[in-house]
Amino acid sequence: MIDKSKLAEANAAHADNLQHDYDALGAHLARRGVDIADVLEKACEFAVAVPSWGAGTGGTRFARFPGKSEPRNIFEKLEDCAVINDLVCITGEVSPHFPWDVVEDMGEVKAAADSHGLTFGPVNSNTFQDQVGQAHSYKYGSLSHSDKSTRDQAVAHNIDCIEWGKAIGSDVLTVWVGDGSNFAGQSNFTRQFERYLTSMEDIYKALPGDWRMFIEHKMFEPSFYSTVIQDWGSNILAAQHLGDRCFSLVDLGHHAPNVNIEMIVARLIQFEKLAGFHFNDSKYGDDDLDSGSLHPFQQFLIFNELIDAEHRGAKNFRPEYMLDQSHNMTDPIESLATSAVAVQRSYVQALLINRTELEGYQDDNDAMMASQCLKRAYQTDVTPILSMARFKAGGAIDPVGFYRSLNYRDTLETKRPASANPSSGIV
């Protein structure tokens with residue numbers, strides 16, 4: 001989707017300055033005992049998946065404002081996802097959402113992804129809204145509904161998602177439900193959770209032998225009094241109940257304000273139940289803002305725990321990294337590209353932590369020096385490493401600047417006329 005000759009020309013204008021900045025940072029890191037080439041290699045290996053639905057314009061609780069030339073189906077979403085990966089070279093995996101991304105022949109979806117050099121990550125089921133023609137409504141719940149026929153319908157959909165996922169090469173099913181209640185006394189907490197677990201047992205039994213299941217929790221919305229899987233506690237209890245191939249997914253927006261998310265990550269790692277992440281940012285709740293746009297230090301602290309787990313050789317540690325954002329003010333391609341780099345930045349900064357020093361300060365109960373050890377890594381501007389990683393991989397030194405020079409949306413206006421139902425973006 002991107003003219004490589006134009007990209008090379010744009011990169012040439014920045015290459016000399018990049019090399020100068022990279023060499024200067026390398027000299028600085030060398031004085032700290034860090035080989036910049038080693039860090040660059042790991043930066044090049046880093047990857048974070050993009051959500052198919054994130055390629056479209058999101059909405060608010062009151063309205064949705066469609067964007068220019070936004071994708072109307074999975075094939076056009078893949079086109080945009082390919083552009084993002086061409087820009088940043090770390091987003092080669094796409095996470096689809098069903099039934100939004102279902103077509104009659106899923107082999108065509110796999111072929112389209114292959115043609116763009118993309119693969120598929122976790123597949124996501126949708127029982128939080130009714131689909132055209134379904135027999136039973138999810139207004140009062142899905143996997144935990146009081147009516148068994150409704151629960152069976154939701155279970156069947158998740159099993160269908162596994163089959164669609166197999167056709168495109170995925171090996172993970174992510175399950176999030178909007179089940180809960182809005183009034184005290186509306187639901188019996190215990191019976192509702194029991195019904196959820198029974199439904200999830202049926203889905204878990206349908207998993208192929210090499211598949212994993214991820215459970216996503218959310219403290220509120222669309223249910224505001226209670227939700228069935230409301231926090232990491234209920235999440236890990238359900239994952240432990242279901243089996244060794246079920247894990248707890250952490251969405252950065254699905255926590256109460258001021259919750260210590262990095263500690264939750266550490267606990268899930270310790271008990272071998274960390275599935276991975278939906279990266280985003282928030283101010284008030286589940287805001288789905290661009291990753292690192294408000295709380296980059298928190299994101300860095302999360303990666304501190306992840307790098308620590310790698311350093312220790314934690315068991316069953318293979319987290320999946322994915323963005324999960326809703327863009328109603330920006331071009332989704334720009335936001336997803338910028339967010340992917342922001343997540344990569346936190347990872348690279350965490351690589352700069354001197355683990356030996358940090359552990360020594362912790363053992364000596366030296367709070368100030370332990371904090372300074374973290375801050376020294378966090379305050380290091382690793383932009384030259386990130387830019388060099390993109391440059392070496394064939395991406396853009398200046399992703400947003402180069403993307404804007406393409407006038408990508410304008411070139412697609414005829415091909416992608418506005419649609420009232422584009423099957424992308426979260427309202």
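**Rings and charges**

Guide: To start, Lys273 lies over the face of Phe247, 5.3 Å from the ring centre. A charge sits over a ring if NZ of Lys or CZ of Arg is within 6 Å of the ring centre and within 35 degrees of the ring normal. Bear in mind that this is a predicted model, where local features need pLDDT of at least 70, side-chain atom pairs count only at pLDDT 80 or more, and totals for chains, interfaces and linings use all residues. Residues are numbered from 1 along each chain as its sequence is written, and side-chain values use heavy atoms, leaving out hydrogens and water.

Visitor: Which residue has its charged end over the ring of Phe247, 5.8 Å from its centre?
Guide: Look for a charged end that sits over that ring. At 5.8 Å from the centre of Phe247, you'll find Arg212.

Visitor: How many aromatic pairs does the structure hold?
Guide: Rings of Phe, Tyr and Trp (its six-membered ring) pair if their centres lie within 6.5 Å. By that rule, the number of aromatic pairs is 20.

Visitor: Are the planes of Phe220 and Phe224 stacked, edge-to-face or tilted?
Guide: Planes under 30 degrees apart count as stacked, over 60 as edge-to-face and the rest as tilted. The centres here are 5.9 Å apart and the planes are at 40 degrees, so this pair is tilted.

Visitor: Is Phe224 buried, exposed or partly exposed?
Guide: Buried means under 20% relative accessible area, exposed over 50%, and partly exposed in between (1.4 Å probe, protein chains only). Phe224 has a relative accessible area of 47%, so it is partly exposed.
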